[in-house]
Amino acid sequence: MTADGLILQSPFALHRTATFQRTPKRPMDEAKFEAFYRKTAGRIWSYIFRMTGNAATADDLLQKTFFRFLRSNPAIVHDDHLRHYIFKTATNLVFDHFRETKRHREAMVDTPAIAESRAGRDELRHDMMRAFAELKPQERALLWLAHVEGSSHEEIADAIGVKEKSVKVMLFRARKRLAAILTRRGLAPEVRHA
Amino acid sequence: MPELDPLEAQIGAWMQQFAALDDRKHGFPDPSALWVKAKLLQTQAAMDRATRPITRVQIAAYVIVAAGWAALLTWKWSALSAWLNSFTPSRIILDAAGAQAATSLSMTFFMALFALASVTVMLAFHTILAEE
């Protein structure tokens with residue numbers, strides 16, 4: 001009997017090989033990009049708008065996000081990977097924007113979008129925007145990615161550039177801060193307990 | 001099923017309500033336009049990358065030519081200044097009267113001068129034509 005014959009083949013061997021095999025990467029073509037853009041642009045814009053509080057800035061950063069995304073020549077592995085990648089790109093651009101202006105707290109106070117809604121009838125929208133604007137940019141990103149995008153702690157850590165272990169604590173603090181703001185403003189929603 | 005933390009539930013509910021607000025008043029840019037613009041930017045970046053070595057060689061050529069001129073002038077500065085002074089009216093009169101020139105410039109110097117001048121002119125033409 002040869003040495004090869006002594007090696008027992010696990011029934012999972014084939015499955016394991018198939019699982020760990022890299023998914024072949026396909027470069028993104030125009031049609032794929034268009035489909036991806038139509039699916040994600042709205043979500044990215046909402047995220048950037050809620051982060052910056054300014055529609056014009058959100059428009060600008062949305063375009064920059066997709067330019068940067070295309071420049072990186074993304075390969076299609078799966079949609080979740082791309083979605084995570086583009087949110088990470090958007091987060092970096094938003095943080096860069098805050099660093100450039102260095103007035104992010106002040107910039108949130110009198111943005112055109114908020115001013116419009118102040119004059120308009122949507123008081124709730126205005127109040128919600130103001131309450132969210134009281135948070136730090138990182139807290140806004142954390143809460144949005146966790147509660148709206150349903151990102152995992154690992155994905156959030158990667159997107160905002162912190163350690164995965166820190167995300168849980170940071171999220172807890174961000175929630176507490178937002179809860180305090182909402183209570184102070186009388187915006188806290190009723191939670192039904194089972 | 002794990003029990004949801006009340007704070008998490010409260011904030012989660014609020015965030016969902018907040019996310020559901022529709023704030024966008026106009027459409028998004030056309031993806032085809034974004035694609036074309038991104039491709040143009042990529043092409044521009046590729047061109048910049050491709051011409052970077054040429055630019056480096058050009059800068060090196062400027063430095064070498066400048067160093068050549070500096071070396072040539074330093075090497076024969078005394079002879080050159082004497083030669084230039086010989087163009088003064090008094091020196092011209094003296095020379096015409098038969099006085100010997102103080103110094104003379106070698107053939108090597110003139111050859112080096114010619115070579116350097118040629119390279120300088122070529123470099124100048126290259127710069128002008130490349131920019132056009």
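Read from the N terminus, the elements of chain A follow the order α-α-β-α-α-β-α-α-α-α-α-α-α. In this predicted model, chain A thus holds eleven helices and two strands. Of the 194 residues in chain A, 31% are buried.

The average pLDDT of chain A is 77, and 71% of its residues reach at least 70. Residues 1-24 of chain A have a pLDDT below 50, and this stretch makes two contacts in the model beyond near neighbours in sequence.

Turning to the partner chain, the contact between the two chains draws 30 residues from chain A and 26 residues from chain B. On the side of chain A that touches chain B, at least two residues each come from α3 (30-52), α4 (55-71), α8 (123-133), α9 (137-148) and α11 (164-185). Among these helices, α3(A) gives the most, with nine residues. Sorted by class, this side of chain A comprises 20 nonpolar, seven charged and three polar residues.

Key:
Residues numbered from 1 in each chain as written. Chains lettered and ligands numbered in written order. Predicted model: local features only at pLDDT ≥ 70, side-chain atom pairs only at ≥ 80, totals over all residues. pLDDT = per-residue confidence, 0-100. Contact = placed C-beta atoms within 7 Å. Helix = DSSP H or I, 4+ residues; strand = E, 2+ residues; numbered from the N terminus. Buried ≥ 20, exposed ≤ 12 C-beta atoms within 10 Å, placed from the backbone. Nonpolar A, V, L, I, M, F, W, Y, C, P; charged D, E, K, R; others polar.
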